[in-house]
Amino acid sequence: MSLSTGQPNATSWRGFVFLGFSGFGELQLLLFVLFLCLYLVTLTSNIFIIIVIRLDSYLHTPMYLFLSFLSFSETCYTLGIIPRMLSGLVLGDQHISYVGCAAQMFFSASWACTNCFLLAVMGFDRYVAICAPLHYDSRVNPILCAQLIGISFLSGYLFGLGMTLVIFHLPFCSSHEIQHFFCDTPPVLSLACGDTRLSELGILILSLLVLLVSFLFITISYIFILAAILRIPSVQGRKKAFSTCASHLTVVIVHYGCASFMYLRPKASYSLERDQLIAVTYTVVTPLLNPIVYSLRNRAVQTALKNVFQRKLLGKG
């Protein structure tokens, strides 16, 4: 610790400093209020989706089981990033320890990867429901659901661990200032010393495996889904079949669009202002999009919400 300034320096303190919102000055308090409100809505909405699916027996189907775990994963993802960001905005302490940064990267990357795999699983669920509806109950059975969820979470943890090890085995330069508001892989990697080409390649390969493979799986599922929908003779039947996929498809487009832009590009193209805007989108806005899309566009969830409220009101009465 430096005695003259009271601030940690590069030689005596192994840690990092976030500079993500340092240029906003007095607007940081306004950002704190904005992000806090969004976070509380996100947290409440996702938890509420989980509770409603748990309480309403009509929603005890594979589709809503996967949705509840996606909401759980999104909630855990935001818990590892947003509270730390909010405390930095309101208290002004933007320091994070070396171990704390590694832990934040591991958990955020793990949950982000888990989200990708769960979205792929949900695509498979929609494929079976539309392309083989008569065999849906036998194929998407409770054992398969448990296996798919378990594989999604385990794979997410393994990929998150891989990304963290690829970066934190490197030595870091004297500048420990992270041009971001959390320990994401691109800005932390930019602080590494020496030749980082092998580590960049490792991150790119891991990102490709997570994003492109899961997205390819979703794309193939939707090709078969589209072909099956086009074979439905009535326009009303086609609309009804597509409506069951619309919510999932909306979340997929936003999620994979932001993630691909952040992680499937070379380090030389990083930009603080642009990357922060994208990062705010997928850390604050995208987790909120999931419950909003599924509650506004899904009649079954809307009906379940009404039933839960009615039971609560009758119970109080």
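Residues 29-52 are 100% helix and 0% strand, with end C-alpha atoms 34 Å apart; here helices are DSSP runs (H or I, at least four residues) and strands are runs of E (at least two), numbered from the N terminus. This is a predicted model, in which local features need pLDDT of at least 70 and side-chain atom pairs count only at pLDDT 80 or more, while totals for chains, interfaces and linings use all residues. Residues are numbered from 1 along each chain as its sequence is written, and side-chain values use heavy atoms, leaving out hydrogens and water.

Helix α4 (residues 98-131) and helix α8 (residues 197-230) have axes that come within 9 Å and cross at roughly 15°; axes are lines fitted to C-alpha atoms, for helices over the stretch in contact, and angles between N-to-C directions run from 0 to 180 degrees. That crossing makes α4 roughly parallel to α8, a term for angles under 35 degrees. Residues of α4, including F117, F124 and Y127, meet residues of α8, among them F217, I218 and F224, where contact means heavy atoms within 4.5 Å.

The model also holds an open sheet of three strands in the order β2-β1-β3, with mixed pairing; two strands pair if DSSP finds at least two bridges between them. The edge strands, β2 (95-97) and β3 (177-178), each pair on one side only. Strand β1 (residues 15-18) runs antiparallel to β2, joined by three bridges, and F16 has I96 of β2 as its bridge partner. Helix α4 packs on this sheet, touching β1, β2 and β3, and its direction makes about 85° with that of β2.

Note on methods. Angles under 35 degrees count as roughly parallel, over 145 as roughly antiparallel, 65 to 115 as roughly perpendicular and the rest as oblique.
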